[in-house]
Amino acid sequence: MNQILTIIMIVGAIIGGVDRILGNRLGYGAKFEEGFLFLGPTALSMAGMICLTPILSKILGTVVVPIYHWIGADPGMFGSFLAIDMGGFQLARELAVDPHIGAYAGIVVSSIFGCTIVFTIPVGMGMIAKSDQRYFAKGIMIGLIAMPIALTVGGLLCGLSVLECLHQNLPVFILALLLLLGLWHIPEHMIRGFYIFSGLIRFVVTIGLLLGVINHLCGFTLIKGIAPITEAMSVVSSIGIVMLGSLPAAECLQRILKRPFCLLGRRFCMNSTGMTGLLVGAVSVIPAISMFKDMDERAKVANAAFLVSAASLFAAHTGFTLSTQPEFLGALIGAKISGGVVAFLLVHVIYTRKNKSHHASNI
């Protein structure tokens with residue numbers, strides 16, 4: 001699996017690089033450049049957190065480790081509360097008793113649950129028009145309902161049993177249930193809370209980045225135990241290298257699947273923008289969310305639900321996994337695709353029943 005995907009990335013990079021040399025005639029050269037331009041935002045979002053991870057693991061370890069030991073789960077699972085590329089992987093690895101569980105938490109669970117609460121929800125609520133926020137919230141709730149399927153599939157592909165997956169993810173499921181209830185009953189307060197949380201994450205990341213810069217440029221450490229910023233930037237660079245190939249490859253995939261997806265859109269009663277949004281969201285969250293204004297109601301809900309598990313599958317998350325824990329790439333892909341597909345089908349079932357009941361009431 002890893003070798004096949006690596007070959008695809010290499011072919012994508014070659015296609016993108018050659019097209020750039022020829023003047024971006026096919027559009028793949030622009031995607032090649034975009035892969036490199038991702039370095040800046042990626043570094044801003046994760047480098048500071050990577051620098052702070054050794055310190056955070058010591059501070060949080062005194063509180064988190066006893067609680068997780070009490071419920072019989074590995075403390076590394078706490079790292080899954082952050083996104084995979086915003087310190088979730090590093091924190092899971094530092095806190096984990098079992099490195100295998102830590103990798104599962106930091107790769108699979110962080111890329112789904114952590115990404116949703118730290119990135120997708122705050123960014124989505126900030127970008128989407130107020131009139132569409134209820135559809136986005138509804139989609140997120142459906143995506144969270146489908147999430148246990150994704151985490152279980154990912155766990156099985158990592159070599160865990162079903163019971164181990166359920167047990168290790170107990171804190172995640174509890175928090176997901178609280179999110180569901182909050183989005184259902186007090187959506188405005190939840191949105192405000194996500195803004196505050198995302199602001200706090202941004203503050204911590206920036207502090208870590210500043211400390212790393214001072215340590216590197218001045219040669220002295222303000223806080224003992226901070227990781228060198230060069231280590232963080234090496235991870236960022238590895239992701240950028242993979243993105244050079246993954247973005248042109250993803251663009252090629254979108255073009256190949258455009259016609260089949262239009263046919264699927266008719267089958268699932270969604271407009272073409274909604275179906276395209278699914279493919280775009282599997283590459284990057286922000287462009288998919290920017291398309292919401294052109295989607296119908298069902299497509300808005302379906303895209304939000306799909307993003308919970310499948311967000312950034314073919315770009316940042318694949319790049320991060322290949323550069324840090326390549327043996328878990330199959331688990332990442334299996335988890336994100338299964339969760340995204342189940343969430344999409346749940347939306348289809350809900351709206352099909354809704355339309356049937358509405359039709360019956362009109363007869």
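Predicted model: local features only at pLDDT ≥ 70, side-chain atom pairs only at ≥ 80, totals over all residues.
**Aromatic pairs**

A pair of aromatic rings is described by the distance of the centres and the angle of the planes. In this structure there are six such pairs. One of them joins Phe 89 and Phe 320 edge-to-face, with 5.5 Å from centre to centre and 80° between the planes.

Phe 136 sits in helix α6 (residues 133–157), while Phe 292 is in the loop between α12 (285–290) and α13 (297–310), so the pair ties together parts that lie 156 residues apart in sequence. Phe 136 is buried, at a relative accessible area of 0%, and Phe 292 is buried too, at 2%.

Ring pairs also gather four residues into a cluster: Tyr 68, Phe 78, Phe 81 and Phe 113.

**Charges over rings**

| Charged residue | Ring | Distance of charged end from ring centre |
|---|---|---|
| Arg 255 | Tyr 28 | 4.3 Å |
| Arg 267 | Phe 268 | 5.6 Å |

**Helix α13 and what follows**

Let us turn to α13. Its 14 residues span 20 Å from the first C-alpha to the last, close to the 20 Å expected at 1.5 Å a residue. Is α13 largely enclosed or largely open? Of its 14 residues, 13 are buried, so the rest of the structure largely encloses α13.

After α13 comes Ser 312, with a positive phi. Most residues other than glycine have a negative phi, and most peptide bonds are trans. Against that background, the phi of Ser 312 is near 60°, a positive value in a residue other than glycine. Ser 312 is found in the loop between α13 and α14. Buried means under 20% relative accessible area, so Ser 312, at 9%, counts as buried.

Asn 24 also has a positive phi, about 60°, although it is not a glycine. The loop that holds Asn 24 runs between α1 (2–21) and α2 (28–37). With a relative accessible area of 31%, Asn 24 is partly exposed.

**The largest pocket**

Rolling a probe the size of a water molecule over the atoms shows where empty space is left. In this model the largest pocket holds about 750 Å³ of space. It is lined by 31 residues, and the closest to its centre are Pro 41, Ser 45, Met 86, Phe 119 and Val 123. The elements that contribute two or more residues to this lining are α3 (39–71), α4, α5 (99–127), α9 (187–218), α12 and α14.

Which element gives the most to the lining of the largest pocket? That is α9, with seven residues. By residue type, the lining of the largest pocket divides into 21 nonpolar, seven polar and three charged residues.

Notes: Residues numbered from 1 in each chain as written. Heavy atoms only, no water. Phe/Tyr/Trp six-rings, centres within 6.5 Å; stacked < 30°, edge-to-face > 60°. Helix = DSSP H or I, 4+ residues; strand = E, 2+ residues; numbered from the N terminus. Buried < 20%, exposed > 50% of the residue type's maximum accessible area, 1.4 Å probe, protein only. Lys NZ or Arg CZ within 6 Å of the ring centre and 35° of its normal. Expected span 1.5 Å × (residues − 1). 1 Å grid on protein atoms, 1.4 Å probe; cavity = no way out; pocket = protein on both sides within 12 Å on 5 of 7 lines; lining within 4 Å. Points joined across faces, edges and corners; volume = space filled by probe spheres on them. Nonpolar A, V, L, I, M, F, W, Y, C, P; charged D, E, K, R; others polar.
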